[in-house]
Amino acid sequence: MGLLWAFQRRLVYLPDDGPVPAAAGEVPGGRDVELTTADGLTLGAWFVPGPAGAATVLVASGNGGHRGMRAPLARALSSAGLAVLLFDYRGYGGNPGSPSEEGLALDVRAARAWLVEEAGVREDRLLYYGESLGCGVVTGLALEHPPAGLVLRSPFADLAAAGAHHYPFLPVRLLLRDRYPVAGQVARVRVPTTVVWGAADTIVPPAQSRAVADAAASLHRRVEVPGADHNDRVLLDGGQLVAAVVELAELTG
């Protein structure tokens with residue numbers, strides 16, 4: 001139990017430290033930018049501008065890899081006429097620091113601040129997109145700085161519920177330091193919210209994503225993708241997923 005307490009974040013966060021390719025080589029029109037967090041870290045990010053007046057999607061990744069692995073999503077959203085910001089959390093993609101719930105909250109705040117203050121994105125044209133663990137990151141941000149719309153892809157009800165599914169023999173709720181209470185947070189977020197998940201998800205049980213949709217205070221749409229597992233390509237840049245993001249962008253425009 002002591003070892004699990006000490007090393008639990010190594011089970012939660014699975015960063016790839018790179019190297020991360022240049023944005024321009026992965027997404028047409030993309031450029032590399034840097035974000036500065038409130039605690040002084042410099043994080044790498046990619047920004048893909050859109051047409052004048054386009055909605056912008058701030059993407060909070062899941063717990064694995066780095067932003068280069070989300071390039072297909074950025075290309076799909078850009079091709080649909082949206083601007084996109086992909087960024088890596090602390091400890092990911094060669095960034096300094098170690099990931100934690102508190103740290104990732106600082107990281108996503110820095111991403112939003114860069115979009116609003118440096119890129120000039122209007123708050124009423126800014127969408128938050130969370131992928132799995134990233135759903136907890138963006139719902140927390142949405143409580144502080146409500147976006148124009150919120151997309152949650154494969155959300156768990158809270159991290160302990162996801163952990164208990166995989167480690168039913170452990171007192172997960174007692175051991176966990178990081179909580180990410182997605183269902184509890186989204187119940188207090190009053191912006192149009194779309195929840196997307198795979199019907200065959202083996203990482204986050206579909207029932208948990210449905211529970212998040214049920215809890216959403218301002219649910220716009222629920223999208224269950226038949227036969228899709230957590231890391232299937234259809235849940236990265238598939239047609240149903242991209243259409244759900246575009247629909248929300250048009251609704252908020």
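Author: A salt bridge here is a side-chain nitrogen of Lys or Arg within 4 Å of a carboxyl oxygen of Asp or Glu. This is a predicted model, where local features need pLDDT of at least 70, side-chain atom pairs count only at pLDDT 80 or more, and totals for chains, interfaces and linings use all residues. Residues are numbered from 1 along each chain as its sequence is written, and side-chain values use heavy atoms, with hydrogens and water left out.

Reader: How many salt bridges does the rule give?

Author: Take the Lys or Arg nitrogen and the carboxyl oxygen, with the 4 Å cut-off. One of the pairs is Asp-237 with Arg-233, at 2.7 Å from N to O. By this rule the count comes to 11.

Reader: Which residue forms a salt bridge with Arg-90?

Author: The closest N and O atoms of the pair are 2.8 Å apart. The partner is Asp-39.

Reader: How many residues apart in sequence are the parts that Arg-90 and Asp-39 tie together?

Author: Helices (H or I, at least four residues) and strands (E, at least two) are DSSP runs, numbered from the N terminus. Arg-90 lies in the loop between β6 (83-87) and α4 (101-118). Asp-39 lies in the loop between β2 (31-36) and β3 (42-48), so the pair ties together parts whose separation in sequence is 51 residues.

Reader: Is Arg-90 buried or exposed?

Author: Buried means under 20% relative accessible area, exposed over 50%, partly exposed in between (1.4 Å probe, protein chains only). Asp-39, at 41%, counts as partly exposed. Arg-90 has 6% relative accessibility, so this residue counts as buried.

Reader: Which residues are linked in a network with Arg-90?

Author: The links are salt bridges. Besides Arg-90, the network holds Asp-39 and Asp-107.

Reader: Where does the salt-bridge partner of Glu-247 lie?

Author: Glu-247 meets Arg-221 at 2.8 Å, N to O. Glu-247 lies in helix α11 (residues 239-252). Arg-221 is partly exposed, with a relative accessible area of 37%, and lies in strand β10 (residues 219-225).

Reader: What is the relative accessibility of Thr-193?

Author: Thr-193 sits in strand β9 (residues 193-198). Contact means heavy atoms within 4.5 Å. Not counting residues up to four places away in sequence, Thr-193 touches several residues, including Leu-150, Val-186 and Arg-221. Thr-193 counts as buried, at 0%.
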